[in-house]
Every structure is written in C-alpha cells, then in structure tokens.
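Here is a friendly walk through a model that you can follow with the sequence and the 3D view side by side. Please keep both open as you read.

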Number of protein chains: 2
Amino acid sequence: MRRPSMKELAERLGVDRSTISRALSEDKAHLVAPETREKVRKMAVDSGYRPDLTAAALRRGRSQTVGVLVPDLENETFINVIRTIIGSLNSGDGTPATTPLIAETQDRPSAAQRLIETYLSRRVDAIISLASTEADEEILAEAAREVPVILAVRSLAALSLPSALCDDREGGAIVARYFAERGHKTVCQVRGPLLATTFNNRAQGFSAVCAEKGIKEPPEAIHAEHATSAAGKKTLDAVLQTSPRPTAIFAHNDALAIGLIEAIRERGLRIPEDIAVAGFNDIKMAQVLATPLTTVAYPIEEVGEHAAQLVRSLITGDPAPGQSVPFIPKLVIRRTT
Amino acid sequence: MRRPSMKELAERLGVDRSTISRALSEDKAHLVAPETREKVRKMAVDSGYRPDLTAAALRRGRSQTVGVLVPDLENETFINVIRTIIGSLNSGDGTPATTPLIAETQDRPSAAQRLIETYLSRRVDAIISLASTEADEEILAEAAREVPVILAVRSLAALSLPSALCDDREGGAIVARYFAERGHKTVCQVRGPLLATTFNNRAQGFSAVCAEKGIKEPPEAIHAEHATSAAGKKTLDAVLQTSPRPTAIFAHNDALAIGLIEAIRERGLRIPEDIAVAGFNDIKMAQVLATPLTTVAYPIEEVGEHAAQLVRSLITGDPAPGQSVPFIPKLVIRRTT
DNA sequence: CTGTTAGCGCCTTCAC
DNA sequence: GTGAAGGCGCTAACAG
C-alpha cells in the first residue's frame, strides 16, 4: 500500500491537515494537545508516513540543504573538512537535518559555475566553497547576493566573504623556521598549482622566513602540475638540478611529498641524511610510510567546525561573526627530516 | 532586483504561465511558436530567471535526484566509480541533469538506514548503494519497494536487485593463478573486513585456485581491521608468524598492500625477492611507489557506466536489463611480484 | 499553437 | 487547541 500524505492521515483521524503538520513538527508540536499529538505520531509511524521534503521546501522557501563545492573528491584533507562540516551541521540538538549536496569542480571555472547554478535552482540554504579560485570570484560574488556563501580552506583576495581558513602563510613559515633550526642552508619548495591562495600563501610564508634567516632558495620556483604524488614524483629531477643542491625540500602537501620520497628512494638517496622532506596536511599515509613523514597538520576540525558555525548563523540570520582569525596549523616532526 | 518566477515572466510578456513553462522546457519547447519561444528565452536570460527545482520536483513527482551511498569517501576506487556514474548520468544528450546526493555510511547500518530515509523523504528518483552489507538487506529491500534501488560494487547474497559488479571471485583467482605461475608454493591472503561480499569473494576465488594447484595457505585467515594501509601494516607480524613463511601475499586491496610494503621495508626485507605482494584496485599510488605495485585493476568505468545505465532505464521505466554479467578485473604486473 | 484549470504536499496565517 | 483557507512555483491535462 502506498504511503499516505498528511491529508490522508488527517482524514483517517478525523482531524485537520494542519493539526497533523503541527503534531509532526519539531517546533509547533507544543501547540497541539498531548493526546492528539501522540495519536498522530503513532498513526504516522504505523502507516509508514514519510514527509515530503520537496513539498516542505517549496512551502517554506528553504530546502534544508547546503551546496558544497570541493576541487577534488580524492583529496583526503578536503573530505575530512567536509566530514566535520556535515557532522557539525547535523549534530545540532534542535535544528533539523541538513542534507549536503556535494560536487567537485576539478578547478574548472565552468564546472563551478554550472554547479552553483544547479545549487541555486535547487534552492540551497547556503553554499560552502572549498574550491574557490580567482576565476570563480565573480560567480561566487553573484551567488552571495542570493544566498549565504561561505569560503572554507581557500580564500579569495578580491572578495570578502565569511571564511573558515588555515593560516597557510604561517604554515610555510613554521616549516622554514624548523629547517633553519636543523641547520639547513639551502632548501627548496615544491609548490602546488597556483590557482588557489593556499599554495601561494605557503610559499610566501616559507620564503619570507628563509630570506630573514639567510637560507638559500633556488632562483626559479618549482611547480608541480597537480597536487598529487605522481606530479610530485616528476619534480625531483628539477629539484636535484638546482645548484647548490638543497638539503631539504618543503612540499606543499603530503601527496607531493610522498611522490618525492618515492622518487628519492628510486635513486638510492637516503632520507633524511641526503635530503630531508617535509609535507603539509598530515594525511593518514604520512604515518604509514616506512619512514614516517614530517608534515604540518592541517587544522581540519577547527576549519570544518567554524565553517559549519558560519553556515548555521547565516542561515538563521544571526549576526555573522566578524572577520575571524585563521587557524594555525601545527608542525608534526617525524623521520623524514 | 529579485529574480522573477514564471508567473512574473508571463505577466511581463502577456502570455500564460504554461507557455513560459513549455518554452523553457527541453521536451515541450517544440509545441510553442519559434518566435514566442525565443522571446521567452531571451526574457528569461535577461531577467535572470532561475527555475525552482523544488517546485518542479513537487509537481512532477520526480526530483531529478539520485541518492548515492558509499561506505567511505576516502576510498579512491569508490569515488571513481561515483565519478563515472555522475558523468554518465549528466552526459545524456536530452536527459535533464541529475543531481547526486552523496553520503557515506562508514559501514554502519544505522547510518545507512537514516540516509536512505532522508533520500526517500527527498523523493530521490533512485538509490545507488555501493555500501551494501548484509545488515542493510532489509532496509534496502524496503526502499526498493518505493524507488528503484541499484547495487554497485558490493552485491547482496539474499537480495536480488539490479547490480553493477566486478567479478571479485575471478579477481582473486587471477592472482592465485599468477602466483602459481611464478612458482610460489606457500602464500597468504590479507583479507579486508568481511561485512561486504567483495572481500569474501576475492578470498574464495583465491583459495579455490590455491587448493586446485596445491598451493599452501596458512590454516588461519588473517583479517585486517579496516581496508586501510594503517591496518594492513599491522598485519605483517601475523603473516610472518605463519609457518612455513609465505613467499607471496595477496592483499585484498591496494591500501592494505601499501601498508604491508612499508612494514616489510621497515624490517629490511626485500620485495619481491624475500616476499612478493599483490594488491587489488590499481589506485594511482600503485604506480608512484618506488617499487610499483602489482595489482588487479578494478573495472571502474564498466561498473560505473553500467550502474548509470541501470539507473536511467529504471527511472524511465524501461525494461530492466536482465541479470548482467559481472565485469572481469585485469591483472597489472609491476615490480612487487 | 496557446490558454484554462487544477493541483503536487506541505506550512502558516487567521479565525474561532 | 483546532479548523479553514490559501498559496509556495511549477507542470500536465484538456480545451479550443
């Protein structure tokens, strides 16, 4: 037998549809007499009633839905930030569950645009972008006029929106200071693609400290094509060709670092004696490596939690918390340095 | 200025709302005069009209949405199957875009149940489960009475539903045959958790061939707690304690294999001379390793494409293709064996 | 080819 | 504490 609608429940119980609606709701249930409420709820369960959220969304103008944009679904760090966001959004005591619509942009502006339009057509209550690149600025700015837009992980230079961020500049600086302490005189960065602020900031923070401490960097920046281990592996040749040869490498993320490590191993060089490697993010694999990876732990919980908080307060129209301080990542020293 | 609804467009153009609806639709556009159609479309663009998909969903009874259940968002293979599904679902020439609702179960039946209920309340047009475990059978069976349910990657013993699968049994057999060819006499499996059919089938296929070829396996099965590299790493002790010591290990997936490799390396044993390792799935990392991993390539495209096809035909009510043959995975020989 | 009409299922005033 | 009524924005029959 087909599942009933509120109207049918109402008929069966001889009450009005609105009573059913109230009895089944979280916030208006107190308006209905305890006994009718229980009667209604029992009947709802017994009959297999299932609320129609598309109808509720239309009527309310809010869909209990947030759109999430991520550059790459294979990136553990992004996924973990999203997990934290979702967890936080649905742990709320009273608040009704929010369903995330998750999609990846692959850092293609056209994809970002298309997805944002879909989200807006689906009447999402907010958009969280972890995928923002400069090319998306306009699209995001426009979206922000219709619905709250939150930036997480990646910020945008020319667009001020509520953000949940890691202090990547400081992250880079932390690595440089550590390299300085260890006595390195010549070091090298393997940078991720520069379309996002993230890698840029890490590079700047690192270089600033190097300059200050008189540590030498190669004149030409080394960029990996993607922030993946395969791409990282390919950059080792370029690193070793710089002269004098660096004794430590700061890879802009752990995947790059792992690629480098495997390449170094193939050459028969020793880590960290011949060359030290530090990564960024502290993915799980960092601990599994035979030589566990020194890296900078990304403040996943903080960023995710803060993003969720922003979403919540913007949806309910609370005062958006003012410019918030980015979270400081933390150096994790292991065996590759 | 706020974005207009169809009604407002209709008023501005002096036509009926239904004309707007038709002109803007894909399949009914031909019913409206070319000039009015263009006039409507131009006005829609100029005014920034944005269709309200929550309203359309309510009216049509179809939400242009599919629910996707995945056990673990960090698993590259699952993600790639999902990517293929989404790509295929949205590449359709005429078919309107389908938005996926993606969520992970972490293999917790309670999570699966909650998510399926959310999906049904949101009136998804279909559910694709890559996360099916025995514990979910009832829930899935019940869901299948309301909406098409497709199983991908993982099948279910007691529940016959349209499925897109890999022949895991054959995958295990392929590895065993290869080990036999290489002359191994004592081998060992490191199995994934047994709540899903996948690992069970791989184990059976492998063992059947071993028995047939007279290859020895340890009497007690070795199970990793999770299908991750960290868990795989921990199993090496157990493997080396079996006697006689195996000369080859079949890890039920690449993450396990990588964990084992790192553990083997820590001990100073050589791969493949002292011990050979084969994985399953062929994740990207398999090629990046200093000693590239021999593994069984998962038929990602085929499984994803087939799942998408099933979704399409079940949604449109076409005859569901009969019991389909699982796709055969392919051995990729590299350097760890 | 276009208009008329009638809801989809829910929530929310406004009465009583 | 409950009922009556209206409508969110869209689409689908049915006329003409």
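The surface near DNA strand D is made of ten nonpolar, six polar and eight charged residues. Here Ala, Val, Leu, Ile, Met, Phe, Trp, Tyr, Cys and Pro count as nonpolar, Asp, Glu, Lys and Arg as charged, and the others, Gly among them, as polar. This is a predicted model, in which local features need pLDDT of at least 70 and side-chain atom pairs count only at pLDDT 80 or more, while totals for chains, interfaces and linings use all residues. Residues are numbered from 1 along each chain as its sequence is written, and chains are lettered from A and ligands numbered from 1 in the order in which they are written.

A residue is near a strand if its C-beta atom, placed from the backbone, lies within 6 Å of it. Among the 24 residues around DNA strand D, those that come nearest are A:Val15, B:Met6, B:Ser18, B:Asp52 and B:Ala55. At least two residues of this surface come from each of helix 2 (17-24) and helix 4 (53-60) of chain A, and from each of helix 1 (6-13), helix 2 (17-24) and helix 4 (53-60) of chain B. Helices (H or I, at least four residues) and strands (E, at least two) are DSSP runs, numbered from the N terminus.

DNA strand C has 23 residues around it, with A:Ser5, A:Met6, A:Ser18, A:Asp52 and B:Arg59 coming nearest. Two or more residues of that surface are given by each of helix 2 and helix 4 of chain A and helix 2 and helix 4 of chain B.

Now to the protein chains. Which part of chain A gives the most to the side that touches chain B? Between the two chains, 35 residues of chain A are in contact with 35 residues of chain B, where contact puts the C-beta atoms, placed from the backbone, within 7 Å. Helix 4 of chain A gives the most to its side, with five residues. That side of chain A holds 16 nonpolar, eight polar and eleven charged residues.

Chain A has 14 helices and eleven strands. Its C-alpha trace spans about 85 × 40 × 30 Å along the principal axes. Of the 337 residues in chain A, 49% are buried; buried requires 20 or more other C-beta atoms within 10 Å of a residue's own, exposed 12 or fewer, and partly exposed lies in between, with C-beta atoms placed from the backbone.

Within chain A, the axes of helix 2 and helix 3 (residues 34-47) come within 9 Å and cross at roughly 90 degrees. Therefore helix 2 of chain A is roughly perpendicular to helix 3 of chain A, a label for angles of 65 to 115 degrees. Axes are lines fitted to C-alpha atoms, for helices over the stretch in contact, and angles run from 0 to 180 degrees between N-to-C directions. A:Thr19, A:Ile20, A:Ala23 and A:Leu24 of helix 2 meet A:Thr36, A:Arg37, A:Val40, A:Arg41 and A:Ala44 of helix 3.

Finally, look at B:His223, in strand 7 (residues 222-223) of chain B. B:His223 is partly exposed because 17 other C-beta atoms lie within 10 Å. Not counting residues up to four places away in sequence, B:His223 touches B:Arg191 and B:Pro193.

Methods:
Angles under 35 degrees count as roughly parallel, over 145 as roughly antiparallel, 65 to 115 as roughly perpendicular and the rest as oblique.
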